[in-house]
Amino acid sequence: MSAEAKLAKVQKKIRQGLIKHGTKVEVNDADPCGDGDQSIIDTGGFARQQFYRNLYGEAGDINYLVEVGLAPLSSFARHCIAGTVTAMRRMLQEADTDPTKPSEALVQLLEKRETTQRLSPLLMTVGIGKNVQLSADSLVPQHLKAVELLLEYGARPDARDVCGKTVCHYGLGAFATEMTMKACEYCIAAHQSSHLFGKEVELHSLSTTELNGLRGICRGYIVSTGRRMVHLHDRNETKALKPMNLKLVNGDSNTVTVNLCDIQDRLKGVALIEVLMANRLDVAKVLLDQHNASIDIVNVEGLSPKIMAAKAGALSQVGGMIMKSAMRKSRAEHVTRQKTCANCGRVDDSLTKCGRCLTVCYCSRNCQVAHWKAGHKGDCVPVLDEKQFVSLKKPRAGGMSVATFSVGTGSLGAASRQQPTRTMSDSFRKPSNVAYGEQFYIKIQAGGVLTPLLLYDQSREFQTTVNPSDPAFDQLRAKVVADPAADGRKTYLKCSFDNQDSCSIFLNTRSVKLW
């Protein structure tokens, strides 16, 4: 069978598969320069979901197109894949005939979908171009220049393929390269103002005051400066301006609320999930630290990067990085809540906490009353007495330790059952840097319901375990599980020692991560 016949057979098979697994191919056929059918694939079970995973992983008909020299593709698509920037620029200049608006010929060049994957030129440059065999010196610069050129003329950075994948799935996924990560950096920045492209905008807040109030058509994004070109009506000239100085005339939203790397595919997946599964630490660092990718986006299977990271545990470096990101986010949210009035949003360092639940703050009595009437009355759950604690007694050599639970009285209750022996190697003692009666923080780590809790202070002078048979186990484990910062794996509580070497752990003193 000839290469051309193989290609035709594969294309027919993929089209039949798309129809069978829920894609409206007629919608795609009617939208040659758009995203086509982007309906979510949340029905049909595992087989349907796996079809789209395989289609993306095997790159559709691309390998078969390579066997026929990419001949079925448009010349512009072939130039994008090869990174031949000079030819790309010539074709774009010829198509860009009207400075007042993107011409139909220009849009067709920039957005025409090709291959069974329905790849735009930008997706081709990043998704296929990274595999083109060029010299090491020429590969990265040429393809990055191609990406810059496409964005300069107005290519959509959020274009999606037949599986709903964006440039970030291709360039910041399991098979990311240095080139694709940099290309995605350009696209993520351009995406923040891509909604302005081709629309009428008004200039504002410029230091050159005579320009304020002028209107024009917003054009492409300049990567090197972070500006967008605007063709001004009255002056019949084009200027490069910062997006912050442009606002839409028609009153639509002037901001993009979704981060490009957080756009979900048709299985509701994001690039970070793929990176986690491949344990690509370098790519995860870029997504989390540089692009602030969300760890809470849930796919059709009910899994988010954070949930998957918690399940992976110590087996995944990326999972550990995601859990650290979760803790940083929790700390930041905690700090923000403590400084923001829950009613009016005023930010102040001297707000007053709700005396009942201690979880929200107010700048005035009026705000507290208003928030109570607006719905806090139903959400406000009173905290338990701050003196509520569990007490652990020092293990007796060769004997049994006792843990008891008490509320408010400060007295120790009698253990209801014998306790397992703790060895002296547990280091059950007051840290040398604190006094008797002085409170200090300990970390409590939990595993399964049958796994002992591990308790220790920062110096590790105090270290012990609480077994499932201890009366204190359920109360302490409940505090750990309820802590959202580490997905119920650990928490921080205050405790103190008396001069009888009894340790009291105060249950309502939770803190964000301390060490």
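## Salt bridges

A salt bridge is a side-chain nitrogen of Lys or Arg within 4 Å of a carboxyl oxygen of Asp or Glu. R266 forms one with D37, and their closest N and O atoms are 3.6 Å apart. This pair links distant parts of the chain. R266 sits in the loop between strand 5 and helix 12 (271-278), while D37 sits in the loop between helix 2 (25-29) and helix 3 (45-57), 229 residues apart. Helices (H or I, at least four residues) and strands (E, at least two) are DSSP runs, numbered from the N terminus. R266 is buried, with a relative accessible area of 1%. D37 is buried too, at 7%. Here buried means under 20% relative accessible area, exposed means over 50%, and partly exposed lies in between (1.4 Å probe, protein chains only).

The structure holds 22 salt bridges. Another of them joins D265 to K165, with the closest N and O atoms 2.6 Å apart. This pair also links distant parts of the chain: D265 is in the loop between strand 5 and helix 12, K165 is in the loop between helix 9 (136-152) and helix 10 (167-171), and 100 residues separate them. D265 counts as buried at 4% relative accessibility, and K165 is buried at 11%. Salt bridges that share partners join D35, E111, R113, R156 and D158 into one network. Within it, R113 pairs with E111, the closest N and O atoms being 3.3 Å apart. R113 is buried at 9%, and E111 is buried at 6%. Why can such pairs form? Side chains of opposite charge can pair when their charged atoms come close.

## The model as a whole

This is a predicted model: local features need pLDDT of at least 70, side-chain atom pairs count only at pLDDT 80 or more, and totals for chains, interfaces and linings use all residues. Residues are numbered from 1 along each chain as its sequence is written, and side-chain values use heavy atoms, with hydrogens and water left out.

The protein has 17 helices and 14 strands. Of its 515 residues, 47% count as buried. It exposes about 24,800 Å² (Shrake-Rupley method, 1.4 Å probe; for residues, only the protein chains shown count as cover). Carbon and sulfur atoms supply 51% of that area. Now take contacts, meaning heavy atoms within 4.5 Å. Among contacts between residues at least 6 apart in sequence, 61% join residues at least 24 apart.

## Nonpolar cores

A nonpolar core is a set of buried Ala, Val, Leu, Ile, Met, Phe, Trp, Tyr and Cys residues joined through side-chain atoms within 4.5 Å. The largest one has 83 residues, and L172 and L287 touch the most other members. Helix 11 (residues 178-191) gives the most to this core, with eight residues.

What does L172 touch, leaving aside neighbours within four places in sequence? Its contacts include M181, C184, I188, V283, L287 and H291. Apart from this core lies another, of 22 residues, among them F428, V434, F440 and C495.

Five strands form an open sheet in the order 4-3-2-1-5, with antiparallel pairing. Two strands pair if DSSP finds at least two bridges between them. Strand 4 (237-241) and strand 5 (246-248) are the edge strands, so named because each pairs on one side only.

Five bridges join strand 3 (residues 227-232) to strand 4. V230 has K239 as its bridge partner, and R228 stands opposite L241.

Strand 11 (residues 453-456) and strand 12 pair in the antiparallel sense over four bridges. L454 has T465 as its bridge partner. Six residues lie between these strands, and R460 in the turn has a positive phi of about 65°. Strand 12 (residues 463-466) has a covered face, T464 and V466, and an uncovered one, Q463 and T465.

L70 is not a glycine, yet its phi is positive, near 60°. It lies in the loop between helix 4 (62-67) and helix 5 (75-82). D501 also has a positive phi, about 65°, and is found in the loop between strand 13 (490-497) and strand 14 (502-511). Are these residues buried or partly exposed? L70 counts as buried at 17% relative accessibility, whereas D501 counts as partly exposed at 24%.
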